[in-house]
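I opened this notebook to record what I looked up in one protein structure. The entries go from the overall fold to single residues.

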Amino acid sequence: MKRLLAIGVNSIASITEPMKSDAPHIGFVSLGCPKNLVDSERILSRLRAEGYELSATYQEAELVVVNTCGFIDAAVDESLDAIGEALRENGRVIVTGCLGKDEQRIRDAHPEVLAVTGAHAYEAVMEAVHAQIPAPHDPYTSLLPPTGVKLTPRHYAYLKISEGCNHSCTFCIIPDLRGPLVSRPLGEVMQEAERLVASGVRELLVVSQDTSAYGVDLKYRPDFWQGRPLQTRIRDLAYALGELEAWIRFHYIYPYPHVDDLIPLMAEGHVQPYLDMPLQHANPRILKLMQRPAAAEKVLERIARWRRECPELTLRSTFIVGFPGETEAEFEQLLDFLREARLDRVGCFTYSAVTGAQANQLPDALPAELKEERRARFMEVQAAISRERLQARVGRETIVLVDEVKEKQVIARSSADAPEIDGRVFMPGAWDLEAGDFIEVRITAATAHDLRAEPLAVEAD
């Protein structure tokens with residue numbers, strides 16, 4: 001997903017208003033996933049803290065930073081196109097992010113770039129900026145809010161708890177781009193979470209490359225929050241986050257056995273009953289080729305148990321179809337798994353050969369037409385499941401979080417809906433509400449992806 005930050009797409013009025021007009025102007029382009037978005041927020045926070053101003057156009061910027069994505073070839077192409085656009089429109093460009101791991105590829109395409117750094121290389125980015133435009137100095141002016149610069153709406157924020165990944169999935173190069181797992185200390189994570197909630201954030205979306213592996217690299221060593229010792233592990237973090245006055249939503253949960261420990265917290269309402277769990281496939285042979293856990297039947301057993309323990313649980317997953325050598329029978333097994341698992345939210349991607357991935361060496365690559373045909377069949381099956389599961393919610397009462405208030409419509413999300421990737425709840429009519437309000441609604445209708453509802457009451461802040 002391409003985000004033009006300070007260059008015409010995302011509103012930055014709240015970022016730029018306090019700045020002095022004579023400060024150096026920096027443009028910023030952010031690409032890729034929420035983890036990359038958090039990296040962009042951290043770099044922008046450093047820029048603001050040092051007195052730089054963010055530009056709303058290429059023309060006003062004295063240089064442009066492009067935070068790239070390099071996960072799949074389509075993302076690489078988008079990143080190279082964004083760098084080229086910034087060079088054409090501005091001429092002075094610093095490149096950072098995942099694609100920065102392959103500096104030669106960037107310089108082969110765009111030799112004019114000023115500097116290239118890798119992912120989450122905040123200091124290196126600032127050094128590159130300083131080399132081009134020295135930082136202004138104004139110690140008497142407060143340039144940065146306590147939460148830093150945020151690129152999401154005010155009422156929700158991504159909370160990144162670790163960097164990197166220890167897995168070696170054959171279709172993925174994330175460990176090469178971002179390195180091995182490095183978990184943040186629990187106390188540090190909680191301090192950031194507290195600051196965000198105190199600033200008005202109503203939903204925290206916990207993200208990393210492998211969220212359920214949090215703390216493995218630290219051997220789950222104890223840390224302190226509010227004077228209490230807590231182990232640096234996902235359950236302890238979930239318990240602590242659940243004490244804050246905000247929705248807590250977990251993404252990218254690899255299905256380790258200890259994920260079972262999160263379900264009681266969800267059943268109790270301590271955190272949102274939502275698991276984003278990328279399963280990728282269901283056939284044992286394909287999963288083995290992917291170097292993923294090859295026990296789909298155990299996943300089905302766990303899903304059934306989780307739903308017994310927490311009936312309100314929403315399960316989201318992503319899958320890859322058309323992996324090298326995938327047969328029709330193996331694809332049909334995936335469809336059978338989908339029908340039995342009855343997941344609430346599902347994304348599906350056709351296999352894409354990523355430069356540097358091990359899977360590129362596998363034989364029997366499938367033609368693009370067959371991969372697309374399987375993706376369409378997959379999504380047809382899932383659409384029917386999604387429509388049926390959403391239809392079952394009609395008539396129920398639930399709490400939703402308002403995202404947007406228009407003249408004749410309110411757009412919100414329920415506990416089953418993460419921003420940008422899941423469905424939404426639409427309420428017709430004009431209501432005295434604001435983004436970030438929690439309200440109780442009754443579901444009145446459903447489609448394959450979204451819900452319609454009527455407000456019952458508005459929470460008083």
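The entries below start with the whole chain and then take selected residues in turn.

**Entry 1. Overall fold**

I noted at the outset that this is a predicted model. I then looked up the secondary structure and found 13 helices and 21 strands in the protein. For the extent of the C-alpha trace, I recorded about 60 × 60 × 50 Å along the principal axes. I next checked the radius of gyration, which is 23 Å; a compact globule of 461 residues would have a value near 23 Å, so the two agree.

**Entry 2. Burial, contacts and surface**

I looked up the share of buried residues, which is 55% of the 461 residues. Among contacts with a separation of 6 or more, I found that 74% join residues 24 or more positions apart. The accessible surface comes to about 19,700 Å². Carbon and sulfur atoms account for 51% of that surface. For charge, I recorded 51 positive and 69 negative side chains. The centres of these two sets lie 3 Å apart.

I turned to the loop between β18 (409-413) and β19 (425-428), where D422 is found. Is D422 buried or exposed? Its relative accessibility is 13%, and D422 therefore counts as buried, the cut-off being under 20%. I then asked which partners the side chain of D422 reaches. It makes a polar contact of 2.5 Å with the side chain of Y274, and it reaches the backbone nitrogen of A418 at 2.8 Å. Beyond four places in sequence, I listed Y274, R316, R345, A416 and D417 as the residues that D422 touches.

E420 lies in this loop between β18 and β19 as well. I recorded its relative accessible area as 46%, so E420 is partly exposed. I also checked its backbone: phi of E420 is near 75 degrees, a positive value in a residue other than glycine. I noted for context that most residues other than glycine have a negative phi.

R342 has a positive phi of about 50 degrees, although it is not a glycine. I placed R342 in the loop between α12 (328-341) and β16 (345-350). With a relative accessibility of 25%, R342 counts as partly exposed.

**Entry 3. A412, in strand β18**

I moved to strand β18, which holds A412. Its relative accessible area is 0%, and A412 is therefore buried. Which residues does A412 touch, not counting those up to four places away in sequence? I listed V400, L401, V402, D403, R424, V425 and M427. I also took one distance: A412 and L275 are 137 residues apart in sequence, and their C-alpha atoms are 19 Å apart in space.

**Entry 4. T170**

I located T170 in the loop between β8 (162-163) and α6 (174-178). T170 has 5% relative accessibility, so it counts as buried. Where does the side chain of T170 reach? I found it at 2.8 Å from the backbone oxygen of L289.

I looked up E245 in the loop between α8 (234-241) and β13 (247-250). At 66% relative accessibility, E245 counts as exposed, since the cut-off is over 50%. Leaving aside neighbours within four places in sequence, I found E245 in contact with V197 and V201. I also recorded 22 Å between the C-alpha atoms of E245 and V405, which are 160 residues apart along the chain.

D108 belongs to helix α4 (residues 103-109). Its relative accessible area is 55%, so D108 is exposed. I noted a polar contact of 2.7 Å between the side chains of D108 and Q104. For a distance across the model, I took D108 and I43: they are 65 residues apart along the chain, with their C-alpha atoms separated by 26 Å.

Methods
Residues numbered from 1 in each chain as written. Predicted model: local features only at pLDDT ≥ 70, side-chain atom pairs only at ≥ 80, totals over all residues. Heavy atoms only, no water. Helix = DSSP H or I, 4+ residues; strand = E, 2+ residues; numbered from the N terminus. Rg over C-alpha atoms; globule rule 2.2 N^0.38 Å. Buried < 20%, exposed > 50% of the residue type's maximum accessible area, 1.4 Å probe, protein only. Contact = heavy atoms within 4.5 Å. Areas by Shrake-Rupley, 256 points an atom, 1.4 Å probe, with all protein chains shown as cover. Lys, Arg positive; Asp, Glu negative; His and termini not counted. Charge placed at Lys NZ, Arg CZ, Asp CG, Glu CD. Polar contact = N/O pair within 3.5 Å; in protein donor to acceptor, adjacent residues only side chain to side chain.
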